[in-house]
Amino acid sequence: MVKGRGRTGLRAAAVALAAATVVGVVAPVALAADAPAREALTVTAAVPTDRAALDRALRDVVGVGGSSAALARVVQDGRTVWQGAAGQADLDTGAPARADGRFRIGSTTKTFVATVVLQLVAERKVRLDDPIERYLPGTVPNGANITVRQLLNHTSGLYSYTSAPEFGLTTPEAIREWATSGRDRTYRPQELLAIAFRHQPDFAPGTDWSYSNTNYVVAGQLIEKVTGRSWAREVERRIIQPLGLHDTSMPITSTAVPGPHAKGYLKFDDTRIDVTRLNPSMAGSAGAGISTTADLTRFNAALLGGRLLRPAELAQMRTPAPQALKYGVGYGLALWRTELPCGEFWGHDGGIPGYSTMLMGDLAGRRQISYSINPLTVTADSDRTVLALTAALACGTAAPTPPAPAAAAPTPAAPAAQPFKLG
């Protein structure tokens, strides 16, 4: 399998739900991230919200799924109709998680970055089908044959630097070493790209699909070259400030999560390590952001509601790459497509050590959901509870968490290290 094609964490769980879990959660219609392009399902009326059911689904993520904390929000027509928090913000003090807490958003950052690139497209400063070599000469190997679009929809073939052994996060032993002594390291974007470019591409540009964090490090460099300002400054200037996202930031090297927040942990056989403080340059424009559920849902509503992009650019963002559809992935330009019984939703998940995030909204910009989870272990139970929460938030109600398939292998009680994805 091509490196990066099979994603772990929340998105893999969402794809699994298509085949199983949601049938028993909401209605006998499968959730699918893999449906071919066709007339969109749109949420056209307010979705009733069973608050007690959503409370239970959120608590299950902690009590059944084994996460240390979880917080979530549902917004309908610009009004929060439900929000909640479960678990502990600090496992040492027992302080409860807060629904208004901040968290690292990982790859949800990519949607902010892609939005800026598409604004530059609207301003005729960038063209999606131009080669990246035109904007960043000599930066990307084979850049004359890799377009801006192929970077944004992950059809470039560029090897993901996070898959490289020398990046140091591909084995439990390396992850533990990073958690104990490597979290303060600063990476320059050029260093991340150098790691990626020491490896052969996964395929020729445009011939296949593979999720690669390298693509969005290049996109960040594109923004800087075209605007003369960093990708983070452009996200702040074009999105964060105009929308009043006061609790959202795009740190470059600052290790802190400002304001109230739940701590993130990695769990090993014999110990638990607090990894809340980390240098986000390891993710950069591929996943360094910090936000809240309130800010993320506001961003999603503005994006899909047409406040940040013209219809032409938004349509490009919502067009899945045909190469991705082969693998059951409805991925456009930093927007995933997911179909639920209550409508078609678009958004992006994200992961960085200690944190997993999901943001989704309907095409009309009327209903948005967002959540952050602090996983301790990744098991069949954790996947099922996250899937149940996703469906409950989107569609307003939930059944009890579905049981594991009868043929499923026993879940280990204490994996050697919690798997995580970066980005």
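Visitor: Which hand does the crossing of H3 and H9 have?
Guide: Happy to start there; this is a predicted model, where local features need pLDDT of at least 70, side-chain atom pairs count only at pLDDT 80 or more, and totals for chains, interfaces and linings use all residues. Residues are numbered from 1 along each chain as its sequence is written, and side-chain values use heavy atoms, without hydrogens and water. A crossing is left-handed if the near helix is turned anticlockwise from the far one by less than a right angle, and right-handed if clockwise. The crossing of H3 and H9 is left-handed.

Visitor: At what angle do the axes of H3 and H9 cross?
Guide: Axes are lines fitted to C-alpha atoms, for helices over the stretch in contact, with angles from 0 to 180 degrees between N-to-C directions. H3 spans residues 109–122 and H9 residues 293–304. Their axes come within 12 Å, and the crossing angle is roughly 35°.

Visitor: How do the residues of that contact divide into nonpolar, polar and charged?
Guide: Contact means heavy atoms within 4.5 Å. Thr 111, Phe 112 and Thr 115 of H3 meet Leu 296, Phe 299 and Leu 303 of H9. The division is 4 nonpolar, 2 polar and no charged.

Visitor: How many residues of strand S9 are buried?
Guide: Buried means under 20% relative accessible area with a 1.4 Å probe, protein chains only. Tyr 355, Thr 357, Leu 359 and Gly 361 point one way from S9, Ser 356, Met 358, Met 360 and Asp 362 point the other way, and all are buried. For S9 (residues 355–362), that gives 8 of 8.

Visitor: Which residue of S9 is the bridge partner of Gly 347?
Guide: Two strands pair if DSSP finds at least two bridges between them. S8 (residues 343–352) and S9 are antiparallel, with 8 bridges. Within this pairing, the S9 partner of Gly 347 is Met 360.

Visitor: Which turn residue has a positive phi in the hairpin of S9 and S10?
Guide: S9 also pairs antiparallel with S10 (residues 367–374), over 6 bridges, and Ser 356 is partnered there by Ile 373. The hairpin has 4 residues between its strands. With a phi of about 75°, the turn residue is Gly 365.

Technical notes
Helices (H or I, at least four residues) and strands (E, at least two) are DSSP runs, numbered from the N terminus. Ala, Val, Leu, Ile, Met, Phe, Trp, Tyr, Cys and Pro count as nonpolar, Asp, Glu, Lys and Arg as charged, and the others, Gly among them, as polar. Buried means under 20% relative accessible area, exposed over 50%, partly exposed in between (1.4 Å probe, protein chains only).
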